[in-house]
Amino acid sequence: MLLPLAAATPANYWPFAILAITVVFIIVAITRLRMHAFLALILAAFLAGFLTTEFSPAAIERLPAAMRADARANSWVAAVELTAVEFGGAAGAIAISIGLASIIGLCLMESGGADKVVRRFLAVFGEKRAGLALLVSTYFLSIPIFFDTMFMLMVPLARALRLRTGKSYLLYIMAICAAGVMTHSLTVPHPGPLAMVDNLRVDPGLSLFWGVAAGLIPCLIGYAFILWLDRRMDVPLRETPGAPLSDLEAIANRPESTLPSFFWSIVPVLLPIAMIGAGSTFKVLAGYPSAVAWLGGQESFESVSRALSLIGNKNIALLIGAGLAVGVLARQKKLSFTQVGTLLEAPLSTGAVIILITAAGGAFGGMLRHAGVGDAVKAVAEQYSLNILVLSWVTATVLRIAQGSATVAMLTTSAIIWPLMDPQTSAALPFNPMYVFLAIGFGAFGFSWMNDSGFWVVSKLSGFTEKETLKSWTVTLSVLSIAGLALVLIASRVLPLV
């Protein structure tokens with residue numbers, strides 16, 4: 001990433017120095033000083049602002065009116081206030097969605113709904129193809145559920161399957177990881193994709209369709225690799241904290257009568273997806289007169305479109321999904337609303353931490369944008385005729401390796417890349433902007449190592465050693481990431497969809 005800097009003009013060099021200094025600060029703060037990610041990212045955002053020599057008039061105009069005079073007189077005041085504005089904007093874009101997704105995830109776990117879905121997939125695929133069943137079920141269940149939550153949900157089932165089959169433990173664990181990581185990086189309401197949707201100005205519903213569809217092929221390629229890896233690397237089943245092997249038999253043999261129906265297990269996940277998709281579909285159809293006429297004419301179409309734009313809003317759709325999930329949990333466990341509220345405290349607390357970290361990452365990305373990093377990258381890309389998709393993937397990958405968080409990599413990269421896509425200042429892309437969204441998402445999860453919290457979640461909950469996790473988790477995610485880049489490059493040429 002630093003190779004072209006030698007040829008960059010002095011005016012373009014300093015933003016790259018700011019990027020390097022702040023990324024190094026984050027690495028040292030998180031890995032060496034053990035600083036909380038929220039604090040490290042906020043301090044990095046301040047640092048980027050303090051190192052910025054001048055802010056644009058447009059940036060100053062984003063501040064509250066009472067602060068603008070002080071900000072014009074003192075760039076350090078401007079840096080602090082702009083960080084707060086960027087933090088608030090990022091939090092406003094994701095906070096409600098993350099909170100509601102946390103509720104859906106908790107309710108699916110506690111009600112047994114996710115267990116029911118997995119059992120149905122096992123019935124369809126058969127126990128011999130249990131790894132594929134875990135891959136497919138995790139892929140769709142994890143769309144509204146954070147990776148850590150999904151892995152904690154699925155790992156007991158993988159361990160129980162290992163007890164039942166006596167083999168393929170690595171296959172089961174990695175199938176869960178491959179599917180969960182893919183949706184975590186490509187689909188709303190996960191925080192990284194939510195931030196990318198906002199930064200890249202793309203439609204949330206369309207991003208959901210593109211993310212789900214585009215993730216399937218790399219997932220299947222990754223699954224073929226995992227099968228190959230499983231034949232060459234046997235990982236034993238070990239005791240893990242809080243999950244003794246003696247408890248696994250109970251999970252594997254839980255009576256079907258204790259679980260909700262398949263319909264009520266899957267509808268809190270599928271209904272929000274369908275609602276968001278319907279809203280986005282009508283936005284697309286508005287540009288086709290024949291579709292408008294077929295649906296009853298302009299007046300009728302606009303009436304339906306207004307209704308769907310409301311229920312297709314991601315926050316409304318997830319609110320309805322969360323309400324259904326709470327109802328399933330309350331009915332299945334015979335809980336009062338007070339008891340349900342008590343259960344929801346833990347996931348909402350976790351969601352609050354995720355919101356803080358994600359919004360801090362958004363503030364960091366925003367301050368890099370104000371520092372001119374995006375414009376500097378654009379100048380270098382134009383000078384060297386770099387492919388924007390490759391540039392997006394490489395930038396996200398470098399940031400991922402440097403600081404560990406896929407979400408932060410997506411937040412920062414999308415903020416850096418947007419100036420290259422902005423139709424007001426740049427030439428139109430020769431392909432659909434969603435390909436940039438995908439390239440960043442694929443780049444942001446590859447090459448995970450010990451500075452990634454997901455690395456430790458997988459290692460500790462599955463009972464893998466650090467060496468086994470590097471040889472399985474790290475390598476598998478890297479294969480998925482590279483396969484995703486190849487897919488994006490090929491599809492953008494064959495099906496530009498401009």
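**Notes on the cavities, pockets and helix packing**

1. Let me start inside the protein: helix 13 gives the largest share of the lining of the largest cavity, five residues. Please keep in mind throughout that this is a predicted model. The cavity in question, the largest, holds about 80 Å³ of space. It is lined by 13 residues, and those closest to its centre are Val188, Pro189, Pro272, Ile276 and Leu318. Two elements give two or more residues to this lining, namely helix 13 (262-285) and helix 16 (314-333).

2. What is the make-up of the lining of the largest cavity by class? Twelve of its residues are nonpolar, none is polar and one is charged. In total, the structure has two cavities of 30 Å³ or more.

3. Leaving out residues up to four places away in sequence, Gly205 touches Ile276 and Ser280. Ile276 is also among the residues closest to the centre of the largest cavity. Is Gly205 buried or exposed? Its relative accessibility is 3%, so Gly205 counts as buried, the cut-off for that class being under 20%.

4. The crossing of helix 11 past helix 23 is right-handed. On the helix 11 side, the contact is made by Ala214, Ile217, Pro218, Cys219, Ile221, Gly222, Phe225, Ile226 and Leu229. Helix 23 answers with Lys471, Ser472, Val475, Thr476, Val479, Leu480, Ala483, Gly484 and Leu487. Sorted by class, this contact has 13 nonpolar residues, four polar ones and one charged.

5. Staying with helix 23 (residues 466-494), I would point you to Glu468, which has its place there. Glu468 has a relative accessible area of 13% and is therefore buried, as the class takes in values under 20%. Which residues is Glu468 in contact with, leaving aside neighbours within four places in sequence? The partners are Met233, Val235, Pro236, Arg238, Gly463 and Trp473.

6. Helix 5 brings Ala93, Ile94, Ser97 and Ile98 to the contact, while helix 10 brings Pro191, Leu194, Ala195 and Asp198. Six of the contact residues are nonpolar, one is polar and one is charged.

7. Helix 5 also holds Ser102. With a relative accessible area of 6%, Ser102 is buried. Not counting residues up to four places away in sequence, Ser102 touches Phe146, Pro347 and Gly351. Ser102 and Phe146 are 44 residues apart in sequence, yet their C-alpha atoms are 7.6 Å apart in space.

8. Of its 46 lining residues, Asp148, Ile357, Asp452, Ser453 and Gly454 are the closest to its centre. Which helix supplies the largest share of this lining? That is helix 17 (residues 337-370), with six residues. By class, the lining of the largest pocket is made of 24 nonpolar, 16 polar and six charged residues.

9. The second largest pocket has about 500 Å³ of space. Its lining counts 24 residues, and the closest to its centre are Arg62, Asn199, Arg201, Arg369 and Trp418. Here the classes come out as eight nonpolar, eight polar and eight charged residues.

10. Finally, this second largest pocket links back to the helices above. At least two residues of its lining come from each of helix 5 (75-111), helix 10 (191-200), helix 17, helix 18 (373-384) and helix 20 (406-421).

Technical notes
Residues are numbered from 1 along each chain as its sequence is written. This is a predicted model: local features need pLDDT of at least 70, side-chain atom pairs count only at pLDDT 80 or more; totals for chains, interfaces and linings use all residues. Side-chain values use heavy atoms; hydrogens and water are left out. On a 1 Å grid over the protein atoms alone, a cavity is a set of points where a 1.4 Å probe fits but cannot get out, and a pocket is an open set with protein on both sides within 12 Å along at least five of seven lines; lining residues have an atom within 4 Å of a point. Helices (H or I, at least four residues) and strands (E, at least two) are DSSP runs, numbered from the N terminus. Ala, Val, Leu, Ile, Met, Phe, Trp, Tyr, Cys and Pro count as nonpolar, Asp, Glu, Lys and Arg as charged, and the others, Gly among them, as polar. Grid points are joined across faces, edges and corners, and a volume is the space filled by probe spheres set on the points. Buried means under 20% relative accessible area, exposed over 50%, partly exposed in between (1.4 Å probe, protein chains only). Contact means heavy atoms within 4.5 Å. A crossing is left-handed if the near helix is turned anticlockwise from the far one by less than a right angle, and right-handed if clockwise.
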